[in-house]
Amino acid sequence: MSGKLGEILIRQNLLTPDQLKEVVEYQRRNNLGLTASLVQLGTVSEQQITAALSRQYGVPAIDFSTVEIDETVTRLVPREVAQKYCVVPVSRRGATLTLAMADPANVYAMDDIKFVTGFTIEPVVASELSVRQAIERGYGGVRALDLHTGKEIISPLEKAAAEAQLNRPLKKEKNEPAKPEGLSSNDLAAAANLVSEFESEFGDAEEALEVLEEQAEIDIRSLEGTSQEAPVVRLVNVILVESLRRGASDIHIEPYEREFRVRFRIDGILYNIMNPPLKLRDALISRLKIMSKLDISEKRLPQDGRIKIKLRFEGKSRELDFRVSSLPTLFGEKVVLRLLDKEKLMLDMTRLGFEPSSLEKFKRNIEKPYGMCLVTGPTGSGKTNTLYSALQSLNTPETNIMTAEDPVEFNLMGINQVQIKDQIGLTFAAALRSFLRQDPNIILVGEIRDFETAEIAVKAALTGHMVLSTLHTNDAPSTVSRLMNMGIEPFLVATSVNLIQAQRLIRRICANCKEELPLPPQALLEVGFTEEEAEAMKLYKGKGCEKCNGTGYKGRVGLYEVMEMTDALRELILVGASNIELRKQAIDEGMITLRGSGMEKVRQGITTIEEVVRETVK
């Protein structure tokens, strides 16, 4: 902890490197702890140390001079465990135990104490000297504590007994990293080797990464030579930063019976990235759950959380959000992280990939004073980006925009965004009811999932509000029948819906290695091109290069099927027409289908036929 404390104080301008050298020398000469040395020399006060740790780790500080420790609470944690990890239990509220810690980043200490007590741990921070004095006051007994150094005077016999009870050393060697339960030195060495192999191939992947709540930036490169950074922590940092470097949208951490693998979804396709040792499974997943503030003791139920980090990437500071989902599987918890990178959020609708006629229809309908515009497609098809782009174009000082989202992926200035929390009753339907009393002009509903939400959204659209929302359907015409299957009457669907848009994302050909591809005209005819087009068209593909990781694709573009509600389509809905009839009528009126949008991208040399066929049907 001493090395970390020195770095924290330097980063917060409470200490200079030269002063730290003097303090370390004084510490060595007098055999003291770093905190005691700093306080004795008058370099930094104990209150400043506690405040610095609180800012660094994003947890509250505690002043033991104003807190009375309850003996019934201290009995929950054995004295040997408290002394080993330099922690002291302060209070208990329900199933939550508040624990004062000198090092709140010690995940393994919290894991052990959670296992011993069965309580959820809520850390608070205090200086090492204060914690050790609190241990002495809280536990009492005949043991002596050197208040000058903050260290307990313990006999060899007591030390041996404590080690036998815990089956692990009471005090770790100075340069030995903390080890989680069940991990041997060989396991940690394997993790360290995996990190080293990754960094030797792809470069240093830990460029100044930190949890965002820890306000100051950490330059990970400066910590490489130290053993304070546990291999598991470094491995997690490598995975997070490498996902950004490779342009991944999702990270999949997957345990199997005899394998543990990490995959990245890059441009919509999953790639296997690494296979850490199976014994690292629990430690790595626990680290991710701690970072995303999930309950690490709950392994039977799915959980959702969020990680906010700040890192130095390519010479500049970046803030990233990861949406975290854990799911119990047969051989452990699978964790999926969705990377929410503000820099990838494209709010200019003209650059999303719309055909000119489709974009004109979309803009015309979202600018109407009332009605409903629905965007449909599977998960990961860019619906959120499209809706945020629409909101950005409508966001003016004269407009009141309200959104209900689960989760809120990006914060947009000037827009009132509400995070849905089903567990406390804040559902989409409840939020919508409240919105109608907030004098809104435009309402965005993250997703219409049930009849209640659909009914309120339709009523809002019919009473002078513009409603934007999403559904999970395969194409635009099938959305009509989906709404009616939810229980919405046909006449309400016909009168409330202005536009339905289906969309997909397909990969772009890499511009760096793009080359012409000879292909027989018959293949083009099968996809849907005319004979004239098949004879004259030039096709392209990516050869594969470093920029596209040898795939031939780099980036993605949208395919859009925009069905604008006309009088003829409304008549068909009222008489109960099928999806096929609606689709035929929409095409006759000029609707470009998803396949048609894909074929246009092929004509322009943006993508390949394989990509269009993979995501669309005739």
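Predicted model: local features only at pLDDT ≥ 70, side-chain atom pairs only at ≥ 80, totals over all residues.
The hairpin formed by S10 and S11 has two residues between the strands. In this hairpin, Glu-314 adopts a positive phi near 55°.

Three strands form an open sheet in the order S1-S2-S3, and their pairing is mixed.

S1 and strand S2 (residues 96-101) run antiparallel and are connected by six bridges. Here Arg-93 is placed opposite Thr-96 in S2. Helix H8 (residues 128-139) packs on the sheet and touches S1 and S2. The direction of H8 makes about 65° with that of S1. As a general point, side chains in a regular strand alternate between the two faces of the sheet.

## Aromatic pairs

With ring centres required to lie within 6.5 Å, the count comes to three aromatic pairs. In one of them, the rings of Phe-354 and Phe-362 have centres 5.5 Å apart and planes at 20°, so this pair is stacked. Both Phe-354 and Phe-362 are buried.

Phe-354 also forms a stacked aromatic pair with Tyr-560, at 3.9 Å centre to centre and with 15° between the planes. This pair links distant parts of the chain, its residues being 206 residues apart. Phe-354 belongs to the loop between strand S12 (332-340) and helix H13 (356-366), whereas Tyr-560 belongs to strand S21 (residues 553-564). The cut-off for a buried residue is under 20% relative accessible area. Phe-354 has 10% relative accessibility and therefore counts as buried; Tyr-560 has 2% and therefore counts as buried.

## Charges over aromatic rings

Two contacts of a charged side chain with a ring concern Arg-507 and Lys-514. The charged end of Arg-507 sits over the ring of Tyr-553, 4.0 Å from its centre. Lys-514 lies over the face of Tyr-540, with 4.9 Å to the ring centre.

Definitions and conventions: Residues numbered from 1 in each chain as written. Heavy atoms only, no water. Phe/Tyr/Trp six-rings, centres within 6.5 Å; stacked < 30°, edge-to-face > 60°. Buried < 20%, exposed > 50% of the residue type's maximum accessible area, 1.4 Å probe, protein only. Helix = DSSP H or I, 4+ residues; strand = E, 2+ residues; numbered from the N terminus. Lys NZ or Arg CZ within 6 Å of the ring centre and 35° of its normal. Pairing = 2+ DSSP bridges. Contact = heavy atoms within 4.5 Å. Axes fitted to C-alpha atoms, helices over the stretch in contact; angles between N-to-C directions.
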